[in-house]
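I opened the model today and kept notes as I went. The entries follow in the order I looked things up.

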Amino acid sequence: MNTGVPIEINGEEKKLRFDVNAVSDIEEYFGKGIGVIFSEEQVGFRTIRAFFWAGLKWRDRGLTIERAGKFVQALIDQGESIETMMKPIMKALQMSGVMGKEELDDMELIEEDEAKNVKQA
């Protein structure tokens, strides 16, 4: 059973978990499929916030995208970067089984390329 990926926000452990509903929420939010999101979107705070929102809603059904943004801000205040915040997202997507390994491998390559572009800018 997928119990989620633990993340600590403001001293509280939360579990990031994706299922079909969470991925569907992300697709609806962006208006495109999950694979396209990673291939077309520049991974930034908007993307991170949406994935945290969708991945945390299974435990907090009333979670809003704005509250998810506050969680992202708390992680930034804790010293996290976009790259480090993407790691639990990618791990939770992998654990979900919703996406195939090939899709996740492609997304990781895209994420690595974008991280290099951010560092070079």
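Where does Ser96 lie? I found Ser96 in helix H5. Helices (H or I, at least four residues) and strands (E, at least two) are DSSP runs, numbered from the N terminus.

**Ground rules.** I am reading a predicted model, where local features need pLDDT of at least 70, side-chain atom pairs count only at pLDDT 80 or more, and totals for chains, interfaces and linings use all residues. Residues are numbered from 1 along each chain as its sequence is written, and side-chain values use heavy atoms, with hydrogens and water left out.

**Confidence.** I checked pLDDT, the predictor's confidence in each residue, from 0 to 100. The chain averages 84, and 79% of the residues score at least 70. Helix H4 (residues 65-77) has the highest confidence, at a mean of 96. Helix H6 (residues 101-120) has the lowest, at a mean of 52. Where pLDDT is low, the predicted coordinates should not be read in detail.

**Layout.** I count six helices and two strands in the chain. Along the sequence the pattern reads β-β-α-α-α-α-α-α. Of the 121 residues, 42% are buried. Buried means under 20% relative accessible area, exposed over 50%, and partly exposed in between (1.4 Å probe, protein chains only). I also looked at contacts, meaning heavy atoms within 4.5 Å. Among those in the chain with a separation of 6 or more, 57% are between residues 24 or more positions apart.

**Ser96 again.** Ser96 counts as buried, at 18% relative accessibility. Its side chain reaches the backbone oxygen of Leu93 at 2.6 Å. Not counting residues up to four places away in sequence, Ser96 touches Asn2 and Phe18.

**Helix H5.** The expected span is 1.5 Å times one less than the number of residues. For the 15 residues of H5 that gives 21 Å, and the end C-alpha atoms are 21 Å apart, so the two agree. Buried residues in H5 include Ile82, Met85, Met86 and Pro88. Leu93 is also among them. Gln94 and Phe18 are 76 residues apart in sequence, yet their C-alpha atoms are 9.0 Å apart in space. Gly97 follows H5 and has a positive phi, near 75 degrees.

**Aromatic pairs.** How many aromatic pairs does a search of the whole structure find? The search finds three. Rings of Phe, Tyr and Trp (its six-membered ring) pair if their centres lie within 6.5 Å; planes under 30 degrees apart count as stacked, over 60 as edge-to-face and the rest as tilted. Phe18 and Phe51 have ring centres 5.9 Å apart and planes at 70 degrees, so I log the pair as edge-to-face. Phe18 lies in the loop between strand S2 (12-16) and helix H1 (20-30), and Phe51 in helix H3 (residues 45-56), so the pair ties together parts 33 residues apart in sequence. Phe18 is buried, at a relative accessible area of 1%. Phe51 is buried as well, at 0% relative accessibility.

Next I took Tyr29 and Phe30. Their ring centres are 5.0 Å apart and their planes at 90 degrees, so this pair is edge-to-face. Tyr29 is partly exposed, at 27% relative accessibility. Phe30 is buried, at 9%. Ring pairs link Tyr29, Phe30 and Trp53 into a cluster.

**A charge over a ring.** The test is NZ of Lys or CZ of Arg within 6 Å of the ring centre and within 35 degrees of the ring normal. Arg17 lies over the face of Trp58, at 3.9 Å from the ring centre.

**Lys57.** Is Lys57 buried or exposed? Lys57 is buried, with a relative accessible area of 9%. I place Lys57 in the loop between H3 and H4. The side chains of Lys57 and Asp25 are joined by a polar contact of 2.6 Å. A polar contact is a pair of N or O atoms within 3.5 Å; within protein, one must be able to donate a hydrogen and the other to accept it, and residues adjacent in sequence count only if both atoms are side-chain atoms. Leaving aside neighbours within four places in sequence, Lys57 is in contact with Asp25 and Leu63.

**Asn10.** Last entry. Asn10 lies in the loop between strand S1 (5-9) and S2. Phi of Asn10 is positive, near 55 degrees, in a residue other than glycine. Asn10 is exposed, at 61% relative accessibility.
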